[in-house]
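Please consult the sequence and the model alongside the text.

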Amino acid sequence: MSIKKLDQAALDTWVNKLIANQSVYGVQAKGERFAFGPLSKAEDLRLDYDVTILPPKKYFQPQREDLLEFNAKGEYTSVTETEPFILFGVHPYDVVAIAQMDTIFSADNYDVHYMTRRHNATIVACDVQNASANVFAGCMNTATVTKGFDLLLTKIGEFYLAEAKTPKGEKLLTDLPGGLEPGNLDLARREQVWKDNTGLLRKHKLKCNPQELPGLLEKSYYAPVWEAKAKLCFSCGSCNLVCPTCYCFDVQDDVNWDLQSGKRTRAWDGCLLKDFAAVAGGHNFRSSRTDRYRHRFYRKAKYVAEKLNQIACVGCGRCISACVPKIANPVEVFNELL
Ligand code: SF4
Ligand code: SF4
């Protein structure tokens with residue numbers, strides 16, 4: 001696959017050309033923070049961002065979405081979004097999270113809504129230029145990536161290297177005006193960025209290998225840390241909502257005023273919320289805060305981890321920043337269990 005070297009002016013021209021042809025979502029400043037949103041001009045794109053408020057999973061599993069429309073005759077039509085789009089500037093840890101979500105939504109029960117959006121997306125990944133305050137991707141082997149994207153951008157000094165990984169990425173590169181051939185020195189500088197990022201993206205230091213976490217949790221179900229931390233938990237669900245690997249949702253049917261038609265929707269849900277495990281008859285399988293708090297960590301580093309053979313935490317640090325009582329830090333909890 002091709003690799004090109006480009007300066008900021010060439011990058012801007014390229015991005016504006018892409019925007020003219022199809023929907024492009026990229027990272028932009030939102031006050032002092034950053035968020036993915038529709039991009040209308042290259043100058044708004046901030047590839048130097050530290051972390052986005054919400055992960056880019058919202059483009060594959062929106063906060064709320066229509067699944068199908070139905071009528072009283074029992075007929076229904078599935079609702080799927082088919083517009084192609086480019087997701088520009090996805091950090092490596094979010095690329096890994098998207099790859100995990102792809103497995104979840106395609107393996108056992110193929111989710112046509114998620115997977116249609118996913119197939120319509122072109123992912124332009126971007127190596128991290130500025131580490132966020134709470135990132136620990138370096139500890140989770142997600143500071144850099146070699147797959148899961150169509151094209152990867154890496155900043156080396158005043159230039160970027162753009163490497164296509166798939167035919168979709170290759171096609172994007174054909175639209176790139178004035179790209180240069182990189183030399184060996186450029187490639188060596190990119191290697192150095194990858195090496196540096198693995199060390200720099202460790203604002204919290206996990207004291208064990210992530211692969212040891214399922215075994216650690218196996219023997220920690222009754223550890224005092226769960227109750228001690230859960231005492232401070234508001235059950236607000238923010239740690240779930242900002243997480244790139246949380247995918248739980250709630251499904252609801254709404255009947256229209258005519259009582260003849262309606263639609264089925266789904267919306268993000270979170271296991272820290274009190275009603276998450278409530279069932280008909282009023283029973284709640286995790287009615288205590290301790291049960292809900294503990295479940296989140298078991299899901300990340302044991303249940304899903306054993307299913308996918310990879311830890312369902314990519315070390316983005318969003319949950320740490322979002323938690324007001326400061327109890328959601330996975331590294332802090334796992335280190336305390338060691
Ligand atoms: S658990 Fe926290 S640090 Fe890990 S992926 Fe989710 S939000 Fe990021
Ligand atoms: S751990 Fe923190 S963010 Fe998560 S539900 Fe409790 S208070 Fe909210």
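A charge is said to sit over a ring if NZ of Lys or CZ of Arg is within 6 Å of the ring centre and within 35 degrees of the ring normal. In this predicted model, the charged end of R118 sits over the ring of F60, 5.4 Å from its centre. A further case is R294, whose charged end lies over the ring of Y221 at 3.7 Å from the ring centre.

F60 also belongs to a cluster linked by ring pairs, whose members are Y25, F34, F36, Y49, Y59, F60, F85, F105, Y114 and Y247. The structure as a whole holds 19 aromatic pairs. One of them joins Y25 and F85 in an edge-to-face arrangement, with 5.7 Å from centre to centre and 75° between the planes. This pair connects distant parts of the chain: Y25 is in strand β2 (residues 23–30) and F85 in strand β6 (residues 85–90), 60 residues apart. Both Y25 and F85 are buried.

Attention now turns to charged pairs. Side chains of opposite charge can pair when their charged atoms come close. The structure holds 18 salt bridges. In one of these, E181 pairs with K4, the closest N and O atoms being 2.9 Å apart. E181 is exposed because its relative accessible area is 59%, whereas K4, at 22%, is partly exposed.

The salt bridge between D94 and R318 has an N to O distance of 2.7 Å. It too spans distant parts of the chain, from D94 in helix α2 (residues 92–106) to R318 in helix α10 (residues 318–322), 224 residues apart. D94 counts as buried because its relative accessibility is 1%, and R318 counts as buried at 4%.

E306 and K302 meet in a salt bridge at 2.9 Å, N to O. Both residues lie in helix α9 (residues 289–308), four residues apart, which is about one turn of the helix. E306 is partly exposed, with a relative accessible area of 48%, while K302 is buried at 10%. Elsewhere, salt bridges that share partners join E65, E81, D111, R117 and R266 into one network.

Definitions and conventions
Residues numbered from 1 in each chain as written. Chains lettered and ligands numbered in written order. Predicted model: local features only at pLDDT ≥ 70, side-chain atom pairs only at ≥ 80, totals over all residues. Heavy atoms only, no water. Phe/Tyr/Trp six-rings, centres within 6.5 Å; stacked < 30°, edge-to-face > 60°. Helix = DSSP H or I, 4+ residues; strand = E, 2+ residues; numbered from the N terminus. Buried < 20%, exposed > 50% of the residue type's maximum accessible area, 1.4 Å probe, protein only. Salt bridge = Lys/Arg side-chain N within 4 Å of Asp/Glu carboxyl O.
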